[in-house]
Amino acid sequence: MTDIIRVVDLTKDYRKDKFVVPALRGVDLVLHKGEFAAVSGPSGSGKTTLLNIIGGLDRPTSGAVDVEGRSMNNLDGAELACLRRDRIGFIFQAHNLFPVLTALENAEYVLMLQGKPKGERRDVVRALLREVGLEGLENRYPRELSGGQQQRVAIARAVAARPAIVLADEPTANVDARTAGGILDLMKRLNEEKQVTMLFSSHDPEVLKRAKRIFHLRDGKICAPPSGIETESDGS
Amino acid sequence: MNTADLALRNLRRNRKRTAITVASVALGILFAVVYASLEEGLRHRLETEFVGLLAAGHITLEHPGYRTDPDVALFLEDSVSLGTSLRNLPGAEEVRTIVAVQGVIKSAGGSGLVEIRGVEPSVESRTSPLPSLITSGRYLEDGDGPQIVLGERLAARLRVSPGNRVILSMADVDGLLTEVLCRVTGIFRTGLHQFDPVLAHVPLEFLREALNMPPGSATRIGVLIGDVRIQSRLVRKIRDTIGNGSIAIYPWQDMMPELDVLTRFVRTSVWILEGLLLILVLFTVWNTMLMSVLERRGEFAVQLALGTPPSRLKRMVFLETAWIAACGALLGAAAGGWLSRQAQVKGLELGWLLGDRIPFIGLGLPTTLHARVTPASLLIPAAVVFAGVLCLGVVLMRRAARTPVAESLRGGRT
């Protein structure tokens, strides 16, 4: 299987005043193409930090991250920006849609950055919004959509450019349990149908159940998941 | 959805903040334009009316010895041909020929020292505000003979009014005492203490004859120019054309250093005020725009996270500032121009605040300020504030592009 993400001995320390706070302490993980995996762990365990570093949003203190065999350590800011634009999709906890853009424009944002012609990107995005159940809502602004609908737009934006991996940081944290289930089902469907590798973080056991593989973080280290957290593959 | 469109949408999204920022820029420009126009108006008035009243012209030609010894024997001989060649110089609007002499004035009611000026009445009507300052009787007219107009305080001392007769005693070109009888035609009030108690105007020809001066002679020739900025160039030109040592040429600043100081003072104080205003405007705009950038750190972080090049983000923030600056500049210049135009036409009356006249280094300034709207008074303040706001835009766009992505997205979570 092709490695999409390879993380080797990753550490990250934050400086707060005079103190050094370790967020990650020697994390190793490999993610293969088409996987639907989760990072679990309690608040402050380092989930967001790990996802930020894998996504090239933050630099590690030490260790290495390779995306599709390409080391991120050697990339400068502009190269990292290109890598994020072309190969990594992001879904944020707070939806983080642009309030001045419609659902359609939000979803096509990355395609626009890639310089895709307007007609082409509109076709792609309209189809995608139909797939995520937002047909007819394309011209609504985020404030005119529910939390769940906003997160669906964010998912469409993340997968529109056909990235190698989609990183979702607690994508269900701001929605109710029913909507959360729907969002995870949608992500899983896209993962299966489009073969988009997905890595999401959560501490909700119900959400984590849908993952095929779980990396459990505790105090910045990957360890065995606590009892009660089962993956879909465990159950099957 | 290009960057300009996105910038406009961002401005529309927070209409109140955009309106406040545009209003700050517009108000700053409005005040700056009104200040600049009032300064331009006051300076123009000082450099035209006051120069017309206090001096022969913007450039004065006289005998080299006349300034230290104002004797009528030190006259310029052929003022007619000199006047013609001066009139033909580019930029010269009017040429005044004057004979000035000091003497004693007597009436049945009193006597006093007098500064007599022989003038051409029609030229005076065009170049000096004095004919419009007549409070009783009338000003001189071409063809008048032994007639005189007097300052109000001098007339009061002599106890004369229009129609009364006075006697002028003065030394002629040969140094001999001569006396002439004149009839008072009018009385003027300038409000200037150096004029109203001592100044009198008589027809030029009449005074020449009375002083036994040759026809065409004059003690002073003044050149009035429309655009005072060309003055130095014109002085050089006159020096090149007729400068042979027998004629002294003075700019008005040499003739009236007090007025020069006043115009410099007015200009400097307005510059200082305008500078302070600019700082105030930029500070307000900076605060509002910085708040906007800081509030949107999360949004910038998402844009950067999705792969937006920092240059695109910079362009967007700069365009937002540029829109605000352009709208504010247009509004401010339009409103400032309109207000200044009103102050130009109607005048700004400060008499209720400052009394009859504003005394300043021996000059009595009028209390009605008339603005003067010029391209410079309108465009320079607008351009300076516009450029200042654009500079802020450059700082803000850099700040936006340096948004720490992970930190801004994390919001404290790890």
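Asp260(B) is buried, with a relative accessible area of 13% (buried means under 20% relative accessible area, exposed over 50%, partly exposed in between, with a 1.4 Å probe and protein chains only). Its salt-bridge partner is Arg264(B), at 3.2 Å from N to O (a salt bridge is a side-chain nitrogen of Lys or Arg within 4 Å of a carboxyl oxygen of Asp or Glu). Arg264(B) counts as exposed, at 54% relative accessibility. Both residues lie in helix H9 of chain B, 4 residues apart, about one turn of the helix. Helices (H or I, at least four residues) and strands (E, at least two) are DSSP runs, numbered from the N terminus. Salt bridges with shared partners also join Glu39(B), Glu40(B), Arg43(B), Glu47(B), Arg267(B) and Arg372(B) into one network. This is a predicted model, in which local features need pLDDT of at least 70, side-chain atom pairs count only at pLDDT 80 or more, and totals for chains, interfaces and linings use all residues; side-chain values use heavy atoms, with hydrogens and water left out. Residues are numbered from 1 along each chain as its sequence is written, while chains are lettered from A and ligands numbered from 1 in the order in which they are written.

Over all chains, the search finds 32 salt bridges. One of them joins Asp5(B) and Arg9(B), with the closest N and O atoms 3.3 Å apart. These two are separated by about one helical turn because they are 4 residues apart in helix H1 of chain B. Asp5(B) is partly exposed at 24%, whereas Arg9(B) is buried at 14%. In helix H6 of chain B, Glu205(B) and Arg208(B) are 3 residues apart, again about one helical turn. Their side chains meet in a salt bridge of 2.5 Å, N to O. Glu205(B) is partly exposed at 44%, and Arg208(B) is buried at 6%.

## Largest pocket

The largest pocket holds about 980 Å³ of space. Of its 38 lining residues, the closest to its centre are Glu39(B), Glu40(B), Arg43(B), Arg267(B) and Trp271(B). Elements giving two or more residues to this lining are H2, helix H7 (231–242), helix H8 (252–255), H9 and helix H13 (375–401) of chain B. H9(B) gives the most, with 12 residues. By class, the lining has 15 nonpolar, 12 polar and 11 charged residues (Ala, Val, Leu, Ile, Met, Phe, Trp, Tyr, Cys and Pro count as nonpolar, Asp, Glu, Lys and Arg as charged, and the others, Gly among them, as polar).

On a 1 Å grid over the protein atoms alone, a pocket is an open set of points with protein on both sides within 12 Å along at least five of seven lines; a cavity is a set where a 1.4 Å probe fits but cannot get out, and lining residues have an atom within 4 Å of a point. Grid points are joined across faces, edges and corners, and a volume is the space filled by probe spheres set on the points.

## Cavities

There are 5 cavities of 30 Å³ or more. The largest contains about 90 Å³ of space, and its lining includes Asn10(B), Arg17(B), Met289(B) and Glu320(B). Two or more lining residues come from each of helix H1 (3–13), helix H2 (15–54), helix H9 (257–295) and helix H11 (310–345) of chain B. The class counts for this lining are 3 nonpolar, 6 polar and 3 charged residues.

The second largest cavity contains about 60 Å³. Among the residues that line it are Ile53(A), Asp58(A), Arg59(A) and Leu80(A). Its lining has 5 nonpolar, 2 polar and 2 charged residues.

## Nonpolar surface patch

Leu27(B), Phe31(B), Tyr35(B), Ile272(B), Leu273(B), Leu276(B) and Ile279(B) form a nonpolar patch on the surface, with about 670 Å² of accessible area together. Patches are made of residues with over 30% relative accessible area and no salt bridge, with like charges joined within 9 Å and nonpolar side chains (Val, Leu, Ile, Met, Phe, Trp, Tyr) within 5 Å. Areas come from the Shrake-Rupley method with a 1.4 Å probe; for residues, only the protein chains shown count as cover. H9(B) supplies the largest share of the patch, 4 residues. Ile279(B), in helix H9 of chain B, is exposed at 57% relative accessibility.

## Positive phi in loops

Most residues other than glycine have a negative phi. Arg162(A) has a positive phi, near 50 degrees. Arg162(A) lies in the loop between helix H6 (147–160) and strand S7 (165–169) of chain A, and is exposed at 55%. Asn212(B) has a positive phi of about 65 degrees. The loop that holds Asn212(B) runs between helix H6 (204–210) and strand S9 (220–225) of chain B, and the residue is partly exposed at 46%.
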